[in-house]
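Please read this briefing alongside the sequence and the model. The points are grouped by topic so that each can be checked against the coordinates.

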Protein chains: 2
Amino acid sequence: MFIGEYQYKVDEKGRLPLPPKFRRELKEGVVLAKGMGEKCIAVYTIREWRRVSDKLAEKALTGANLRRLTRAIHGSAFSASFDGQGRIKLPDTLRVYAGISDTAIVVGANARVELWSQQGWKAEQTVAEEQASQIIETLGA
Amino acid sequence: MFIGEYQYKVDEKGRLPLPPKFRRELKEGVVLAKGMGEKCIAVYTIREWRRVSDKLAEKALTGANLRRLTRAIHGSAFSASFDGQGRIKLPDTLRVYAGISDTAIVVGANARVELWSQQGWKAEQTVAEEQASQIIETLGA
DNA sequence: AGGATTGTGGGGAAAAGTGGGGAAAAAGGG
DNA sequence: CCCTTTTTCCCCACTTTTCCCCACAATCCT
């Protein structure tokens, strides 16, 4: 399970470190893809990528919209692995998509990890906070 | 079960002791997260955190809502463990969120522990007192 | 009163963040 | 097809941060 929020620099070679706490779970390699709906980069374990991918494939049989989404997701996906310092190389296309320049926010989101630009993350937090407090009320004690 | 109210200093390294009475129950490690709704840091046992996390999954929210909530909850969380003196390290993001600078109020809140700034705790108490009398009425005899 | 426990602080070893050089691989042009 | 140019990736190096351990003073309990 991935939790926590971290800030790292993307160096001039496009490399981004991931938190040491995440590395063990990710060390077999990761798949990078566009965040679904959000302007972020999603980082999946191989296993989780397969799960997401299968789920999409099931539903894509019927809907043209979903086929389009599937195409977008798969087309943008990229497998990556770590260097000796625990960094991965971010493909330029995904970096541009997420608006990440020289600083990235790494966010643990349970089964996956997400990469955000500072501005993007701040905006997302603002929206999420409002929504969260409502839903949390329904969780009970 | 956690009860009581304690005051500790946060040292320059961001370390905060927890009351000895709490340590045995927490010694397996804790998860820190934003207080739900309130400007405090919530401290959960691993078990309790899982309970909260599972409850989220049950909600069976769909699409963007689920992703957003997952992100908000897990992203703000942080796992921590004790040093030899019974202290934990508070992540900067959470400290800022709760407005804790060099002194923290540690409050036992049944299944979880909460960390407040002095001002925040005082304000919360004021509000709580007003509401308490009303709520107590509704409890019946 | 005395011993044990606890709050608080700090030093030092280990790990992590960040940057860059150079070999290997890939791409591109003649 | 081969040579040149560019990119990728592996390794090394430096700086900062983290974390583990020790220390001392105050407090609690017996």
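Is Asp11(B) buried, partly exposed or exposed? In this predicted model, Asp11(B) has a relative accessibility of 24% and therefore counts as partly exposed. Its salt-bridge partner is Arg87(B), with the closest N and O atoms 3.8 Å apart, and the pair links distant parts of the chain, 76 residues apart.

**Salt bridges**

- Over all chains, the structure holds 16 salt bridges.
- Salt bridges with shared partners join Glu38(A), Arg112(A), Glu114(A), Glu124(A), Arg67(B), Arg68(B) and Arg71(B) into one network.
- Glu129(A) forms a salt bridge with Lys34(B), the closest N and O atoms being 3.9 Å apart, and this pair crosses between chains, from helix H5 (residues 118-137) of chain A to strand E3 (residues 30-34) of chain B.
- Both of these residues count as partly exposed, Glu129(A) at 40% relative accessibility and Lys34(B) at 22%.
- Within chain A, the side chains of Arg51(A) and Glu48(A) meet in a salt bridge at 3.2 Å, N to O; the two residues are separated by about one helical turn because they are three residues apart in helix H2 (residues 46-60).
- Arg51(A) is partly exposed at 47% relative accessibility, whereas Glu48(A) is buried, with a relative accessible area of 13%.

**Helix H5 of chain B**

- Helix H5 (residues 118-139) of chain B has 22 residues and reaches 30 Å from its first C-alpha to its last, close to the expected 32 Å, and H5(B) bends by about 35° at Ala132(B).
- Ile135(B), Ile136(B) and Leu139(B) make a nonpolar surface patch of about 320 Å²; Leu139(B), which is placed in this helix, is exposed with a relative accessible area of 65%.

- Val106(B) lies in strand E7 (residues 103-109) of chain B and counts as buried at 0% relative accessibility; its contacts include Tyr6(B), Leu16(B), Phe22(B) and Leu115(B).
- Asn110(A), found in the loop between strands E7 (103-109) and E8 (112-116) of chain A, has a positive phi near 65° although it is not a glycine, and is partly exposed at 29%.
- Asn110(B), in the loop between E7 and E8 of chain B, also has a positive phi of about 65°, and counts as partly exposed at 49% relative accessibility.

Notes. Residues numbered from 1 in each chain as written. Chains lettered and ligands numbered in written order. Predicted model: local features only at pLDDT ≥ 70, side-chain atom pairs only at ≥ 80, totals over all residues. Heavy atoms only, no water. Helix = DSSP H or I, 4+ residues; strand = E, 2+ residues; numbered from the N terminus. Expected span 1.5 Å × (residues − 1). Bend = angle between axes of the 7 residues up to and from the residue. Patch = residues over 30% accessible without salt bridge, like charges linked within 9 Å, V, L, I, M, F, W, Y side chains within 5 Å. Areas by Shrake-Rupley, 256 points an atom, 1.4 Å probe, with all protein chains shown as cover. Salt bridge = Lys/Arg side-chain N within 4 Å of Asp/Glu carboxyl O. Buried < 20%, exposed > 50% of the residue type's maximum accessible area, 1.4 Å probe, protein only. Contact = heavy atoms within 4.5 Å. Lists of a residue's contacts leave out its neighbours within four places in sequence.
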